[in-house]
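Thanks for coming. I will take one structure and go through a pair of helices, the nonpolar cores and the aromatic pairs. Please have a look at it first.

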Amino acid sequence: ELLDQLVLHHPEVMSNSNLQTLLILTAIKSDHTRVMDYVHRLDNFDSAKLAEKALEQGLKEEALQMYIKFDKYEDAMNVMIVQLQDLTRAEIYAKTVAQPIVWSRLGKAELDANRVPEAIHAYLEADDASAFIIVIEGAERDSKYEELVEYLLMVRKKMKEPQIDGELI
């Protein structure tokens, strides 16, 4: 309570990164109900360290908000996919931030969930040719050849692989 009053109500102390980090860490360990409010109100704390601690305590949404607030795109996406298991939310986030690394991570998760057309779309958005082998395998397994062609045409522009040409024929 004293730390809360000090950090939140004294402008000369409010910008201190160490105190903000300590305040949020204390809330993570002792009063989960305050964590989200602190994340929204404060902006000078060690988000990576605190998000890890929040995840250890089962505070998934709080960790996610920390990653989002500090533009930790890949970490935020991993929380949505692995911790929250919410591909719909992950897709909305990918559209919002429009970062290739986020789209690629979503593509992999979509493939893992056997959502081949959605995975191909994500890899196209990422302009990511690196996963062509697993995309081909997934598309062949699910007979999604029409979707595969568009992806392979993008891949072919980036690299020359006999397997790509073979699949296109």
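At what angle do helix 9 and helix 10 pack, and how far apart are their axes? The angle is about 165°, and the axes are 8 Å apart. Axes here are lines fitted to C-alpha atoms, for helices over the stretch in contact, and angles run from 0 to 180 degrees between N-to-C directions. Helices are DSSP runs of H or I with at least four residues, numbered from the N terminus. The angle makes helix 9 roughly antiparallel to helix 10, a label that applies over 145 degrees.

Before going on, the ground rules. This is a predicted model, in which local features need pLDDT of at least 70, side-chain atom pairs count only at pLDDT 80 or more, and totals for chains, interfaces and linings use all residues. Residues are numbered from 1 along each chain as its sequence is written, and side-chain values use heavy atoms, with hydrogens and water left out.

Contact means heavy atoms within 4.5 Å.

Leu 106 leads us to the cores. Leaving aside residues up to four places away in sequence, Leu 106 touches Met 77, Ile 81, Leu 87, Ala 90, Glu 91, Ala 94 and Ala 122. The largest nonpolar core has 34 residues, and Leu 106 is one of those that touch the most other members, along with Ile 24, Ile 28, Val 35, Met 66 and Met 77. Such a core is a set of buried Ala, Val, Leu, Ile, Met, Phe, Trp, Tyr and Cys residues joined through side-chain atoms within 4.5 Å. Buried means under 20% relative accessible area, exposed over 50%, and partly exposed in between, with a 1.4 Å probe and protein chains only. A second, separate core has 17 residues, including Leu 111 and Val 155.

Last, the aromatic pairs. The whole structure has two. Rings of Phe, Tyr and Trp (its six-membered ring) pair if their centres lie within 6.5 Å; planes under 30 degrees apart are stacked, over 60 edge-to-face, and the rest tilted.

Phe 45 and Phe 70 have ring centres 5.0 Å apart and planes at 80°, so they are edge-to-face. Phe 45 is buried at 6% relative accessibility, while Phe 70 is partly exposed at 26%.

Tyr 123 and Tyr 151 are tilted, at 6.1 Å and 55°. Tyr 123 lies in helix 10 and Tyr 151 in helix 12, so this pair ties together parts 28 residues apart in sequence.

Methods:
Helices (H or I, at least four residues) and strands (E, at least two) are DSSP runs, numbered from the N terminus. Angles under 35 degrees count as roughly parallel, over 145 as roughly antiparallel, 65 to 115 as roughly perpendicular and the rest as oblique.
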